[in-house]
Amino acid sequence: MARAQQHLHEFVRDLLTDAAETGEVRDDATADELSWYVLHAVTAAEGLDSPAAVHRLVAIILAGLRPQR
């Protein structure tokens with residue numbers, strides 16, 4: 001399980017690195033930090049009781065990734 005978790009972290013980190021380079025996501029935190037934040041936030045979906053709540057969680061995560069203007 002730990003190996004799969006590490007692969008997922010690296011995959012998300014690499015996506016965020018590319019997105020930060022093109023200005024699609026914030027760059028005031030490292031992609032490594034953002035990856036951990038996102039993955040931990042997504043685990044909160046386990047406790048949610050409706051698809052609507054999961055959609056709100058995803059919207060909040062995406063809003064947090066938007067670049068600061």
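How many helices and strands does the secondary structure of the chain come to? It comes to three helices and zero strands, where helices (H or I, at least four residues) and strands (E, at least two) are DSSP runs numbered from the N terminus. The model is predicted: local features need pLDDT of at least 70 and side-chain atom pairs count only at pLDDT 80 or more, whereas totals for chains, interfaces and linings use all residues. Residues are numbered from 1 along each chain as its sequence is written, and side-chain values use heavy atoms, with hydrogens and water left out.

View 1. The C-alpha trace spans about 35 × 35 × 15 Å along its principal axes. Of the 69 residues, 25% are buried (buried: under 20% relative accessible area; exposed: over 50%; partly exposed: in between; 1.4 Å probe, protein chains only). Contacts are heavy atoms within 4.5 Å; among those between residues at least 6 apart in sequence, 44% join residues at least 24 apart.

**View 2. Helix α1, residues 2-21.** The 20 residues of α1 reach 28 Å from first C-alpha to last, close to the 28 Å expected at 1.5 Å a residue; the expected span is 1.5 Å times one less than the number of residues. His 9, Val 12, Leu 16 and Ala 19 are buried in α1. They lie on the same side of α1 because they cover an arc of only 90° around the axis, the arc being that of the directions from the helix axis to the C-beta atoms. The buried residues of α1 pack against α2 and α3 (51-65). Exposed residues Arg 3, Phe 11 and Glu 21 sit on the face of α1 turned away from its buried side. Gly 23, with a positive phi near 80°, follows α1.

**View 3. Ser 35 in helix α2, residues 31-43.** Ser 35 counts as buried because its relative accessibility is 0%. Leaving aside residues up to four places away in sequence, Ser 35 touches His 9, Val 12, Arg 13 and Leu 16. Among these, His 9, Val 12 and Leu 16 are buried residues of α1.

**View 4. Val 58 in helix α3.** Val 58 has a relative accessibility of 41%, so this residue counts as partly exposed. Val 58 and Ala 20 are 38 residues apart in sequence, and their C-alpha atoms are 19 Å apart in space.
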